[in-house]
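Morning, everyone. Please look at the screen.

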Amino acid sequence: MANGKNVLPLAAMEKLLKNCGAPRVSEDAKEALREALEDYGEMLGERAVKIAQHSGRKTVKAGDIKLAIK
């Protein structure tokens, strides 16, 4: 992430991986997943902001996020 601060908690990463069937999750795996998801989220956020601005809005809406995913 650009600001270097983590937004997502490691406990949530462990829960995600356990929901996928992992019986145990290492700290490194949790940190790697967090980094990947935060990077992807930031990229989507930047795209969604551009979409909202292009539409003449300051508010990012769910539709902007869905368009950014495509």
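Start with a definition: a residue is buried under 20% relative accessible area, exposed over 50%, and partly exposed in between, using a 1.4 Å probe and protein chains only. By that cut-off, 14% of the 70 residues of the protein count as buried.

Two notes on the source. This is a predicted model: local features need pLDDT of at least 70, side-chain atom pairs count only at pLDDT 80 or more, and totals for chains, interfaces and linings use all residues. Residues are numbered from 1 along each chain as its sequence is written, and side-chain values use heavy atoms, with hydrogens and water left out.

Now the overall layout. The protein has three helices and zero strands. Helices here are DSSP runs of H or I with at least four residues, strands are runs of E with at least two, and both are numbered from the N terminus. Along the sequence, the pattern reads α-α-α. How spread out is the protein? Its radius of gyration is 15 Å, well over the 11 Å that the globule rule gives for 70 residues, so the protein is more spread out than a compact globule. That radius is taken over C-alpha atoms, and the rule is 2.2 Å times the number of residues to the power 0.38. The C-alpha trace spans about 45 × 25 × 15 Å along its principal axes.

Next, a helix pair. Helix 1, residues 10–19, packs against helix 2, residues 27–54, at an angle of about 100°, and the axes are 9 Å apart. Axes are lines fitted to C-alpha atoms, for helices over the stretch in contact, and angles run from 0 to 180 degrees between N-to-C directions. Helix 1 is therefore roughly perpendicular to helix 2; that label covers 65 to 115 degrees, with under 35 roughly parallel, over 145 roughly antiparallel, and the rest oblique. Contact means heavy atoms within 4.5 Å. On the helix 1 side, the contact includes Leu10 and Met13. On the helix 2 side, Leu33 and Leu37 are among the residues.

Now two single residues. Where does Leu44 sit? Leu44 is in helix 2. Leu44 is buried, at 10% relative accessible area. Beyond four places in sequence, Leu44 contacts Ala68 and Ile69. Leu44 and Ala68 are 24 residues apart in sequence, yet 5.8 Å apart in space, C-alpha to C-alpha.

Last, Asp64. Asp64 lies in helix 3, residues 62–69. Is Asp64 buried or exposed? Asp64 counts as buried, at 4% relative accessibility. Leaving out residues up to four places away, Asp64 touches Ala48, Ile51, Ala52, Arg57 and Thr59.
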